[in-house]
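Please look at the sequence and the 3D structure shown here. The paragraphs after it go through the model step by step.

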2 protein chains.
Amino acid sequence: MESPDAPQQTDISNIGEFGLIAVLRDKLGEPSDDDLVSGIGDDTAVYRVDDDRVHLLTTDTLTEGIHFDRAFMPMEHLGFKALSVNVSDIAAMNATPRYATVTLGLSQQVSVEMAETIYEGVKEACDAYDMTVVGGDTVSAHALSLSVTVVGEADENDVVYRSGAQVGDKLCVTGDIGASYAGLKVLVRNRQQLDEQGEDFQPNLDPFSYVIRRHLAPPAQLKTVKDWADAGVTPNALIDISDGLASEVHHLCEASEVGAQLYEPALPIDPETRNTATDFGEDVNRYALIGGEDYELVFTMPEEDLDALDPQSYTVIGDIEAPEDPDHPVLIQRADGENVPLQPGGYDHFDDRA
Amino acid sequence: MESPDAPQQTDISNIGEFGLIAVLRDKLGEPSDDDLVSGIGDDTAVYRVDDDRVHLLTTDTLTEGIHFDRAFMPMEHLGFKALSVNVSDIAAMNATPRYATVTLGLSQQVSVEMAETIYEGVKEACDAYDMTVVGGDTVSAHALSLSVTVVGEADENDVVYRSGAQVGDKLCVTGDIGASYAGLKVLVRNRQQLDEQGEDFQPNLDPFSYVIRRHLAPPAQLKTVKDWADAGVTPNALIDISDGLASEVHHLCEASEVGAQLYEPALPIDPETRNTATDFGEDVNRYALIGGEDYELVFTMPEEDLDALDPQSYTVIGDIEAPEDPDHPVLIQRADGENVPLQPGGYDHFDDRA
């Protein structure tokens, strides 16, 4: 038996999460399944189930102390969010969800009533997204966790990958961004104040109700998928925002072998998100670019196709361009006119602005 | 927001894991999906993908400190076992695995090399079971964990449920049982001796190599599924042994609304498992009945169909009978001729024998 203390151990932080995924993917080798359309590397896997239909498979876990804080995460919202983050991956392939499995990791502190409340949120998500929980498990765990797998479906020709962006496409985003991160900021501050002031603390969260809701119970943008089908248009490339807009645009550009020019003043930001950033004395564009967990969709489409869509349903935030500088495939023009490289984690010189 | 300290919290131990699953299942209500053949309640979910083909979906998690001890679980075996336990659920529906997603929960102590070694085991399992990893994730976690989801496939008419046992069927099991538990006993003792004696300890695990292997890297019984197809026979009811034979036979009888008569001397037990129990001064039948993690298949079949099978590939351990006493649907006749009720966790009076 090998020892877990064997020599030459490399810390995962040395290569990062995406580096590790690349290493593990290499370990598995090239898949050889004839019906597999797309394996590791996009928001979901895609495989054929008959001549023109595909299924899509994705999995995501939320763990207490890492992805949520039980002190401010209502259990019902936890159930809803665990489904949403998976459904968002299905939507990010221009597909619809069908079946889910839910595995509940139970720590000692979890009661029957808490588990039931989590499942109320699961049920609410199933009703909202028209899908069915078909299985799962309850397991003992060190911390409360919810692992969800979702099977989606689509016509094979309708599936949109992150790799399809074309030079000349408009770069667009649904809804508004940065709200989830703003909500998290408020919740963390609220908890700190509660810890410090105890029962004397009278929180007033009313001015932040939208951003808090966006953090705790984000909806997946399935309606957008339906709107595109109704309008008879299909994006060229598509990805959802889980890690933050800057990171996702980089993934999309890398997979599509293109560059992008973004316009900072065009970023769609809700007034409440702006007010929250002002309240914290921070740059709201940072929230929008690197905040994460928005679960909006980023897509690219020729301008003429955009005309078929409700203009309220999306915002053009930039253009897909030929990649000029391979080290800086994504540029962002700021309000003052300066055009700077956008790093996956934000601006090159974000730190001296925040 | 609700408080996690709300009143009237019921400890999950009050209703048990199966009680909790029943509560959560009720919460979700009856599924209404036309293509869903079987949802929560069997080893996997089953749904139609075309006129006569179904897919099967199952998920299982192994967590450090709960399902395995990193001190004696080689990382390669961990990867293999995490796939095996899921493939075993697919085999327990008389189906074959096709695709898997693997989510690696990474604690601080996990290095790049350890993750790679885990994936060597994942790859080995994919090759052994002829399946493909199509996705997954790496997530931060409090403890090392491996969450796997497997999609399997079968003709709809070939799928076997735990609910199909018929009075008059022979109750059978593949391979041998109790070995995994015997291996666990040896590994735990070995670790304790190492802790106590430090570097002076010279373990000799050679006499236990089979039972240790059965615990650390159990194979799923896919070959049996193939043998049945080749012989042109199908069991009436089928379940795999994850929680222990006694528990699984109860699940099968409850779902099928039948009783069972087992014969203790017929239980297939490897000589090394017997020697291990003797070494510990324990009853080997206890290992076989409640040990768990054998991942053999329990099936029921009419006697005439059994004639088509290789007699080396299974053991008849009892008969399916009409249920007489609803409180004791399963009886076991011991070597001395006494016929006693078998509880899901073992004999009624197991404690005074062990």
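The mean pLDDT of chain A is 92, and 95% of its residues reach 70 or more; pLDDT is the predictor's confidence in each residue, from 0 to 100. Over residues 348-354 of chain A, however, the pLDDT is below 50, and this stretch has nine contacts in the model beyond near neighbours in sequence. Two residues are in contact if their C-beta atoms, placed from the backbone, lie within 7 Å. The model scores ipTM 0.90 and pTM 0.92. This is a predicted model, in which local features need pLDDT of at least 70 and side-chain atom pairs count only at pLDDT 80 or more, while totals for chains, interfaces and linings use all residues. Residues are numbered from 1 along each chain as its sequence is written, and chains are lettered from A and ligands numbered from 1 in the order in which they are written.

How are the two chains related? Two copies of a chain are related by a rotation about an axis and a shift along it.

Next comes the interface between the chains. In it, 66 residues of chain A are in contact with 67 residues of chain B. The elements of chain A that each supply at least two residues to the side touching chain B are α1 (16-28), β2 (45-48), β3 (53-63), β4 (96-106), α3 (112-129), β5 (132-140) and β6 (145-155). Helices (H or I, at least four residues) and strands (E, at least two) are DSSP runs, numbered from the N terminus. β5(A) gives the most to this side of chain A, with nine residues. By class, the side of chain A that touches chain B has 32 nonpolar, 21 polar and 13 charged residues. In this count Ala, Val, Leu, Ile, Met, Phe, Trp, Tyr, Cys and Pro are nonpolar, Asp, Glu, Lys and Arg are charged, and the others, Gly among them, are polar. Because 100% of the interface residues of chain A are also interface residues in chain B, the copies meet through the same surface.

Within chain A, the domain assignment gives domain 1 (16-158) and domain 2 (170-347); such bounds come from an automatic or database domain assignment. The C-alpha centres of the two domains of chain A lie 22 Å apart. Between them, 21 residues of domain 1 of chain A are in contact with 21 residues of domain 2 of chain A. Helix α2 (residues 75-91) of chain A provides the largest share of the domain 1 side, nine residues. That side of domain 1 of chain A divides into 11 nonpolar, five polar and five charged residues.

What lies in the interior? The largest nonpolar core has 200 residues, and among these A:Met93 and B:Met93 touch the most other members. A nonpolar core is a set of buried Ala, Val, Leu, Ile, Met, Phe, Trp, Tyr and Cys residues joined through C-beta atoms within 7 Å. A residue is buried if 20 or more other C-beta atoms lie within 10 Å of its own, exposed if 12 or fewer, and partly exposed in between, with C-beta atoms placed from the backbone. Leaving out residues up to four places away in sequence, the residues that A:Met93 touches include A:Asp42, A:Val46, A:Leu56, A:Ala154 and A:Leu238.

Two residues of chain A can be compared for their backbone angles. Phi of A:Asn94 is near 65°, a positive value in a residue other than glycine. A:Asn94 is found in the loop between α2 and β4 of chain A. Is A:Asn94 buried or exposed? A:Asn94 is buried, with 23 other C-beta atoms within 10 Å. Phi of A:Glu257, near 55°, is also a positive value in a residue other than glycine. A:Glu257 is in the loop between α7 (245-256) and β9 (259-263) of chain A, and A:Glu257 is exposed, with 12 other C-beta atoms within 10 Å.
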